[in-house]
Amino acid sequence: MDHFIYRDGQLWAEECPVAEIAAEVGTPFYLYSTATLLRHYQLFDDALSWGPHLVCYAMKAASNQAILKTLAEAGAGMDVVSGGEYARARAAGVSGDKIVFAGVGKTRGEIRQALEGGIRQFNVESEPEMRAISEIAVALGVEAPVTIRVNPDVDAKTHAKISTGKSENKFGIPIARAREVYAEAAALPGLKIVGIDVHIGSQLTELAPFEAAYKKVAELTPVLRADGHEISRLDMGGGLGIPYTRSNEAPPLPTDYGALIKETVGHLGCEIEIEPGRLIVGNAGILVSRVIYVKDGEGRTFLILDAAMNDLIRPAMYDSHHDIIPVTEAAPGAAHATYDVVGPVCESGDTFAKGREMPAVNEGDLIAFRSAGAYGAVMSSEYNTRPMIPEVLVKGDQSSVIRARPSFDEIINRDTIPEWL
Ligand code: LLP
């Protein structure tokens, strides 16, 4: 459920008419709903209310500080994967003890930054990384809390590019070697083992792969404890999928997911952490764009938008589907048309949808991509020197630009012409 609904023939974001925001801000832009963000966070928090837990929002999904602050004030921790994300989370007011540092190649600079600024834990992904964390912690005279990310060799049954839990993927250490790696971690100075981490992929639409992975973690926990390690936290990762179409998709709900965690690892007496990104923000954001032209092609009609692949890369990169709806609701019985929905960028990959049947629209009309909140704005670029598009947040009847559109001068003045040129 989200808060982008038609009312009186117009699309609203909570208590704000989308067309009015478009008139003020210009298109294209991302638009987020506070109520939807908070609702989704709350669903996870409630689903884990059977025990001690922390929902660490995977801020890679959408990292605007206004979004982070909204979630942090509701109690969320953060999952960061870079020094930049760490700095952003801190700037948004998140304290270090609520930040989990994930990612397969943390640099020494990033490790130092997090140890100096405060960190809840590093999710360690390899032995060399573990040694680097140990060295830096010793040099700083601090103790680094760590979990080790185990790779359970489970097929997440999702898109290959976002599947991370198979042995051929670059993530974590093979679960079969966990005892050995934990033993080395325990022997290294400056590290404090606090638990186990697992994450098998993103946009999972079934619980079975989670179950398989979590059962392996449940088996591993007593083994590691018997080896003398303190396993007091289990980080179960993120990855719960969202419905991208209104009609036929029904991925498991956070409450089912929370129940599965309880069933598989609830008896172990650990604090549970999860790192959801997409489910919190995916359906809390839309991308609003304007039709520049409707062009008749050979046996097809192109809807040419002012948004392009640089603004929303997911369809080009993962062949992903986003529902596209007109901002002015089609009247009952109004004509439908079939479009290839494209952007203005000079490559055929700049296609959002092929043969999409939707209500007929005209030049100048506003449309919205649904489910664009996660991995939308954060994956955008300035390809074709197209300015990064604004982000807007609504809360009830209030709406604010939370990232402004840069001017051409701001973009081009970042280049430096060498003196010798
Ligand atoms: N934790 C870790 C270690 C991750 O690698 C990820 C996502 C998450 C948590 C959050 O997963 P989520 O709950 O959002 O599924 N750009 C792609 C998705 C990449 C996901 C990367 N890792 C897309 O647009 O579909």
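Domain bounds here come from an automatic or database domain assignment. On that basis, the protein chain of this predicted model is divided into domain 1 (4-31 + 282-412) and domain 2 (34-280). Taken over C-alpha atoms, the centres of domain 1 and domain 2 are separated by 32 Å. The two parts do meet: 23 residues of domain 1 are in contact with 25 residues of domain 2.

**The ligand and its shell**

Let's turn to the ligand. Where does the ligand sit? The space it takes is the largest pocket. Around the ligand there are 18 residues, and the closest are Ser202, Glu275, Arg278, Arg314 and Tyr375. Both parts of the chain have a share in this shell, with at least three residues drawn from each of domain 1 (4-31 + 282-412) and domain 2 (34-280). How do the shell residues divide into nonpolar, polar and charged? There are 6 nonpolar, 6 polar and 6 charged residues.

The side chains of Ser202, Arg314 and Tyr375 each place an atom by a ligand oxygen, as listed here.

| Side chain | Atom in the side chain | Ligand atom | Distance |
|---|---|---|---|
| Ser202 | polar atom | oxygen | 2.4 Å |
| Arg314 | polar atom | oxygen | 2.6 Å |
| Tyr375 | N or O atom | oxygen | 2.6 Å |

To put the picture together, the ligand takes the space of the largest pocket, domain 1 and domain 2 each give at least three residues to its shell, and Ser202, Arg314 and Tyr375 are among the closest residues.

How values were computed. Residues numbered from 1 in each chain as written. Predicted model: local features only at pLDDT ≥ 70, side-chain atom pairs only at ≥ 80, totals over all residues. Heavy atoms only, no water. Near = heavy atom within 4 Å. Polar contact = N/O pair within 3.5 Å; in protein donor to acceptor, adjacent residues only side chain to side chain. 1 Å grid on protein atoms, 1.4 Å probe; cavity = no way out; pocket = protein on both sides within 12 Å on 5 of 7 lines; lining within 4 Å. Sits in = over half its atoms within 2 Å of the grid points. Nonpolar A, V, L, I, M, F, W, Y, C, P; charged D, E, K, R; others polar. Contact = heavy atoms within 4.5 Å.
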